[in-house]
Amino acid sequence: MTNKGVVKFRASIKGNGLKFTPVDFNPGETGIEKIEIESPNGAEIQATVYISAVTTDENARVIATRLITSVLDRLSFIHNLAIGPSSITSSILTPLDMQPSEMVHIHTADTLIFGGEVTAIASISSSTIKGALECGTYPGENWYGLFRSALQSESPVEKYMHLYNILLTLSNDEQKQVDEFVRDQEPMVFQSPHPKFVGTMETIYSRLRNEFAHKRSGVNINDTKVAMAQRWINLAALTKRAIELHP
């Protein structure tokens with residue numbers, strides 16, 4: 001049996017929030033009529049996926065979740081938002097040829113996600129959101145999910161290590177390539193001699209990562225954590241640029 005329906009979602013935002021009025025767009029997928037999305041208070045994103053043709057409620061939820069995950073990954077990457085996991089708040093499915101006596105299948109969520117703890121809220125036009133979401137695939141978009149996951153990390157140190165890991169992966173797991181990329185993007189970056197390799201300089205980003213991940217003499221780990229908290233935002237910008245340049 002072919003059905004139509006809607007699946008509704010919520011996802012919280014932590015840190016800097018983003019507020020925008022309702023906007024709808026066509027994701028360009030067969031069986032999907034449109035997606036509506038809004039952030040009424042800057043701390044929570046609400047979205048509805050309108051499905052024009054699907055066989056079961058389970059299929060509707062799977063398809064809708066995949067689409068919303070992609071949408072939230074893109075918003076997180078473009079606007080540097082720590083957007084949490086999405087939660088289905090309800091789904092409604094009706095047969096296309098439903099008779100008056102037939103039932104409508106309604107499912108509600110097991111849990112609801114409420115707004116996150118935001119520190120500042122910016123407003124953006126719905127047309128800007130629409131343009132970003134209707135755009136074709138962006139360069140490096142398959143890495144957006146990992147970037148969003150890094151921003152969800154609870155502590156600045158965790159964010160830093162997660163972001164560096166992405167940058168390292170994009171650099172073929174070679175610190176040398178990481179540092180070469182950083183020097184190219186940030187020519188005045190602070191550097192210091194590598195303690196193990198004579199004549200080798202490492203950037204501050206690699207040094208902090210290594211101080212936290214490996215035993216190094218004379219290192220005060222608390223000072224390292226403070227420095228990581230101060231620099232993770234710059235590291236995020238470098239990671240974003242590396243993702244954008246990745247095929």
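A: Start with the largest pocket, which holds about 570 Å³ of space. A pocket here is an open set of points on a 1 Å grid over the protein atoms alone where a 1.4 Å probe fits, with protein on both sides within 12 Å along at least five of seven lines, and lining residues have an atom within 4 Å of a point. The volume is the space filled by probe spheres set on those points. This is a predicted model, with pLDDT of at least 70 needed for local features and 80 or more for side-chain atom pairs, while totals for chains, interfaces and linings use all residues. Numbering starts from 1 along each chain, and side-chain values use heavy atoms, with hydrogens and water left out.

What surrounds that space? The largest pocket has 22 lining residues, and Lys14, Gly15, Ala82, Leu151 and Lys159 lie nearest its centre. At least two lining residues come from each of β1 (3-25), β4 (82-83) and α7 (221-245); these are DSSP runs, with helices (H or I) of at least four residues and strands (E) of at least two. α7 is the top contributor, giving 5 residues to this lining. Sorted by class, the lining is 9 nonpolar, 8 polar and 5 charged (Ala, Val, Leu, Ile, Met, Phe, Trp, Tyr, Cys and Pro are nonpolar, Asp, Glu, Lys and Arg charged, the others polar).

On to the second largest pocket, with about 470 Å³ of space. Here 22 residues form the lining, and Gln175, His194, Phe197, Asn210 and Arg216 sit closest to the centre. Two or more lining residues come from each of α5 (175-185), β8 (191-193), β9 (201-203) and α6 (204-213), and α5 has the largest share with 5 residues.

Now back to Leu151 and Lys159, two of the residues nearest the centre of the largest pocket. Their helices, α3 (residues 144-151) and α4 (residues 156-170), pack at an angle of about 165°, with axes 8 Å apart; axes are lines fitted to C-alpha atoms over the stretch in contact, and angles run from 0 to 180 degrees between N-to-C directions. α3 and α4 are therefore roughly antiparallel (over 145 degrees). The α3 side of the contact (heavy atoms within 4.5 Å) is Leu146, Phe147, Ser149, Ala150 and Leu151, and α4 brings Lys159, His162, Leu163 and Ile166. That contact has 6 nonpolar, 2 polar and 1 charged residues.

Phe147 and Leu151 of α3 turn up again in a contact with α7, joined by Tyr144. α3 and α7 pack at about 175°, and their axes are 11 Å apart, which makes α3 roughly antiparallel to α7 too. From α7 come Trp232, Ala236, Thr239, Lys240 and Ile243, and the classes here are 6 nonpolar, 1 polar and 1 charged.

Finally, α4 also packs with α6, at an angle of about 115° and with axes 11 Å apart. On α4, the touching residues are Val157, Tyr160, Met161, Tyr164 and Leu168. α6 answers with Ile204, Tyr205, Ser206, Leu208, Arg209, Phe212 and Ala213.

Key. Parallel < 35°, antiparallel > 145°, perpendicular 65-115°, else oblique.
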